Amino acid sequence: MKLPPLMQRPDGQPVVTAEDRALCRAAWLQTFADHLYGPIPEAPERLDVRRERFGAGERLVIEVTLAGQAFAVDAALWLPEDRKGRVPIIIGLGFLGPIGAAEGAGFPIDNAAVIERSIADTLRGGRLAEANRGQHTDRWPIRSLLQAGYGVLLSCYGSWVADHPRKWRSAQLGRAARSCARTGAISLWAWAYQRLVDVACRLDEIDRDRVVLVGHSRLGKAALWAAANDERVHAALINNSGCAGASLTRHPGGETLSKLIRFSHWTVLDKKTAADPAQLPVDQHQLIACLAPRKVYIASASEDAWADPEGEYLALKAAAPFWATDSLPPLEAVWRPGRRVWSGQLGWHLRPGPHDMTSWDWRRFLAFLAQDGRDANANRR
Ligand code: GCU
């Protein structure tokens, strides 16, 4: 497997300085936009937030205007009650959004959100229903995150852009972005992540230097793409993100671009590139490297062959030289379910089990984030 070089500037010179890294980052982000994801639209002309109480948290009504078109999306905000000073924030898009999470009781159901049907068999034609309440509590263990000293901001991905090949352009962000450059839904979900960062950065309760993005599966792809493009993000937790996420496109195994292209609305991939990954001038280790020198955690699962967990580890390992001080052990040395590798700003683990994001993952995410001596709990005592 021959990967596009990491430590080489676009003009062929070796990468030595921070300026060299910045040159590479700009060139790679442009290439990913051109060939894979499409561009992330510009920031909105307006963004207003209204805060209302619900059950255990707050409902934020986020009103946005993009390309002259206004729309509104809900998000839930939970803050630790016993906080002293500003708290770090974990920002996520979820498949079911706040109603699927723990502590989501009382949050209004977004009847207009369109979720891909296979996400939960209780979805009625891709629409959220009462039956979806609390279905992803292990994926979003809000109370544990609050106890660890974090605020949590969570929104439903289908409230921003319909996850549907024919409907994705018909409402909300999908519709507003029609007059922007041609792009794919992963870029629009990345835009949604960036708006949640805008919102968090405006809240007096939040420490802007500790903004953490998290995403699972297709939303891991979007979170990685968003964080690579947005230096306000301090850490990214990328869970089981697979093809067009953290796993190497050129590594054989799991989903390939030729399979991924069936989600015709997700990317701007053309058939020729999808059929032959060597046509893509970049690979995912370069996207991960765009996060340097920030923190990145790639989480894999041992029974998640579709996401190619080996390709995920190899991408992180191949990206590590961009952090200068980080190098990771060879694959054979770490390949055991339950194993983790943490080195400086980089983290990885192999959860035993299938495709999912669980409290097992979260315990490690939180411990990893606490490692840099800026434990969120420091703000609470
Ligand atoms: C499908 C798709 C993956 C994606 C996953 C998900 O399996 O092929 O690319 O990551 O759905 O988002 O759940």
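R50, E52, R59, E63 and D74 are linked in a network of salt bridges. A salt bridge here is a side-chain nitrogen of Lys or Arg within 4 Å of a carboxyl oxygen of Asp or Glu, and the structure holds 22 of them. This is a predicted model, where local features need pLDDT of at least 70 and side-chain atom pairs count only at pLDDT 80 or more, while totals for chains, interfaces and linings use all residues. Residues are numbered from 1 along each chain as its sequence is written, and side-chain values use heavy atoms, with hydrogens and water left out.

**R218 and its partners**

- R218 pairs up with E116 in a salt bridge, with the closest N and O atoms 2.7 Å apart.
- R218 sits in helix 6 (residues 218-229) and E116 in the loop between strand 4 (87-94) and helix 2 (142-147), so this pair ties together parts that are 102 residues apart in sequence.
- Helices (H or I, at least four residues) and strands (E, at least two) are DSSP runs, numbered from the N terminus.
- R218 also meets D163 in a salt bridge, at 2.7 Å from N to O.
- D163 lies in the loop between helix 3 (157-160) and helix 4 (172-176), so its link to R218 in helix 6 ties together parts that are 55 residues apart in sequence.

**Burial**

- D163 is buried, as is R218.

**Another buried pair**

- D207 and R210 join side chains in a salt bridge at 2.9 Å, N to O, and both residues are buried.

Key. Buried means under 20% relative accessible area, exposed over 50%, partly exposed in between (1.4 Å probe, protein chains only).
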